[in-house]
Amino acid sequence: MTPSLNPQQLAAVRAIDRPLLVIAGAGSGKTRVITEKIAYLIRQGLPARNIAAVTFTNKAAREMKARVSKLASGNEAKGLRVSTFHALGLDILRREHKALGFKAAISIFDEHDRLTLLKELLKHNNGDPDMADSFSRQISTWKNLFVTPEKAMDTATPETLPAAQLYGDFMRQIKAYNAVDFDDLILLPVLLFQSQPEVLEQWRNRIRYLLVDEYQDTNETQYQLVKLITGNLGKFTVVGDDDQSIYAWRGAQPQNLVQLQKDFPRLQVVKLEQNYRSTGRILKAANRLIANNPHVFDKKLWSQLGPGDALRVLKQKDELAEAQQVAADLVHHKFRHGGEFRDYAILYRGNHQSRLFERALREQGIPYFISGGPSFFGYAEVKDIMGYLRLLVNPDDDAAFLRVINVPRREIGPATLEKLGAYANRRHISLFAACFELGLEQELQAQAVQRIRRFCEWIVDVADRAQRGDTFAVIRNFVEQLRYDAWLEEVSTSQSSAERRQRNVVELLDWLEKLAQEDDGKTLAEVIAKLMLLDILERNEEEKTGDRVSLMTLHAAKGLEFPYVYLVGMEENILPHETSIEQDMLEEERRLAYVGITRAQKAITFSYCSQRKRYGEMLECLPSRFLDELPEEDLEWADRKELPPEEKLERGKAAFSHMRNLLNTP
Ligand SMILES: Nc1ncnc2c1ncn2[C@@H]1O[C@H](COP(=O)(O)OP(=O)(O)OP(=O)(O)O)[C@@H](O)[C@H]1O
Ligand SMILES: [Mg+2]
């Protein structure tokens, strides 16, 4: 039985006549309000297919779907849209591709593809390809702030003019490839809805109620999308916590919370104050910390769960010792409390911190999984095969073309590609289309033309067969023909690495087939688009179930909860991060720490080192200023009370082997 809702939560669930904002601190049941409200709306007679809920990550979307399916029957929940903002955007783009002037099989460019395209454009327009990175960031910022290429040009200063020009070129070129980038998944639907009211009207009929979780992290363009879809009726519920806004760097605007009140004068605001997640000391620490930030909304948060354990602070001489101590402490703690590995999370500020913890956990035989590490989709072999698949469904996808044209080697040299690129660029067509033009014969040697045409004709032939026949048999056969396995053996550093990479290819193909079966009747193009989006979104959240310790960044931990949390690297220049200190962004760092602390249900342990290797040098470290902002009376500093680390490590090991023995005894 799920515990019943409190009166404020109930009010939020039942408020369906006016736009609603639920503003509340961590662990107060905001996400729960969203799931309960979906079930309530269905019970009130609104068909599930007319309800959409958006969350921040795929993981959250999956969890929400699972929670709703407990509250409503499968049939009732049919057609319900629960997804990320970007997946909703992709859905809109795919259905409305004609209205936007795209062909059906739209490719999605990831950051790497976008950089490749920007570099090409800069090369052909006398720009500096080394600037591609910073231009890419600028263009992304504009897209998130709902600044179109025209507006960027209109408001350009001498400094931003080159970026603004490139922005326009980029948009034209990427469209010629029938592709969009990640930010376009939101921007293009907004532009479409603004320019074609009849299309918008259809979507308003389709989505009659919208719910948004983690609202504080929406950016301007996402807010525009919310406003357009919900219209004047304001049929929406958004929930958020301004203290957990941690995506300023991606254009998130917590002032959107305030803007809502201005844009929707009938907005109803509900506050939730009871925290159901954490014990008293954890909550008090979080409250105390965040009180150092200025506040737009006043919030109080209390818990009935009793004071709970003291907040422990571990100190170590360096980062290696820190990782070992945390691993040993975790084993020891688990042994004493008899919990499971999945009850524990190790949270850190940056991905680079994970490596030593992984090693320490492995050494102790502790199962773990990392969200945010290099994922399956980051492997070269997976990107290669994905490149081929993208090309099969959309031959105009230049990024895919360039990725695979010489993998395996086809003797098509850089000079040939350079000329092909220049030609395609002049004609504003894709590389693939350029291959078939007669004009190309003037630019390239006959043999080179022949080689690339042979490649392109082969792609066309396979695409054709895949469409007509048994798609997956054709694809498997195609991959065999590629002789990609042999190529992997040639380029891998060892036999075992070649074999691992070959297994990844098999896994990808199996996955593809599984996805196609799950969504019966989906075309290959649709399945691949789905994989591409998973690729981009889940590069940071590979899903592994089972009894494992979670390792992740603070950003990735948003919305989640764990009985026991280790918040590691609590040092100046790490948390708060040094660039944030330089740029005076301490408030955002404090919110990150707040997010970290409020993930914990029963206990939180902080750790820091007195030295750390950075930039190849051992540097002295100071404990994070945020530790000083926590209630002193609740902190238990290890170096004052606890055992020496060596002894702790031994104790941890002993506890673990003892436990293993216990587990192995029949
Ligand atoms: N009325 C309630 N009674 C008991 N438990 C509740 C109640 N409401 C929520 N919970 C539980 O409290 C925990 C936190 O809820 P939830 O994740 O919805 O909070 P949240 O406000 O979304 O947190 P965050 O800000 O971290 O996203 C969950 O375990 C949830 O099941
Ligand atoms: Mg939540």
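Trainee: What makes Gly29 count as buried?

Mentor: Gly29 has 23 C-beta neighbours inside 10 Å. A residue is buried if 20 or more other C-beta atoms lie within 10 Å of its own, exposed if 12 or fewer, and partly exposed in between, with C-beta atoms placed from the backbone. Gly29 therefore counts as buried. This is a predicted model, in which local features need pLDDT of at least 70 and side-chain atom pairs pLDDT 80 or more, while totals for chains, interfaces and linings use all residues. Residues are numbered from 1 along each chain as its sequence is written, and chains are lettered from A and ligands numbered from 1 in the order in which they are written.

Trainee: Why does Ser28 count as buried?

Mentor: Ser28 has 28 C-beta neighbours inside 10 Å, and therefore counts as buried. Ser28 is found in the loop between strand E1 (20–24) and helix H2 (30–43); helices (H or I, at least four residues) and strands (E, at least two) are DSSP runs numbered from the N terminus.

Trainee: Which residues come nearest to ligand 1?

Mentor: Gly29, Lys30, Thr31, Arg32 and Tyr276 come nearest, of the 19 residues around ligand 1. A residue is near a molecule if its C-beta atom, placed from the backbone, lies within 6 Å of it. H2 supplies the largest share of this shell, three residues.

Trainee: Why are H13 and H27 called roughly antiparallel?

Mentor: Helix H13 (residues 280–290) and helix H27 (residues 586–597) pack at an angle of about 170 degrees, with axes 10 Å apart. Axes are lines fitted to C-alpha atoms over the stretch in contact, and angles run from 0 to 180 degrees between N-to-C directions. Angles under 35 degrees count as roughly parallel, over 145 as roughly antiparallel, 65 to 115 as roughly perpendicular and the rest as oblique. H13 and H27 are therefore roughly antiparallel.

Trainee: Why is Asp584 called exposed?

Mentor: Asp584 has 8 other C-beta atoms within 10 Å, and is therefore exposed. Asp584 too is a non-glycine residue with a positive phi, about 60 degrees, and lies in the loop between H26 and H27.
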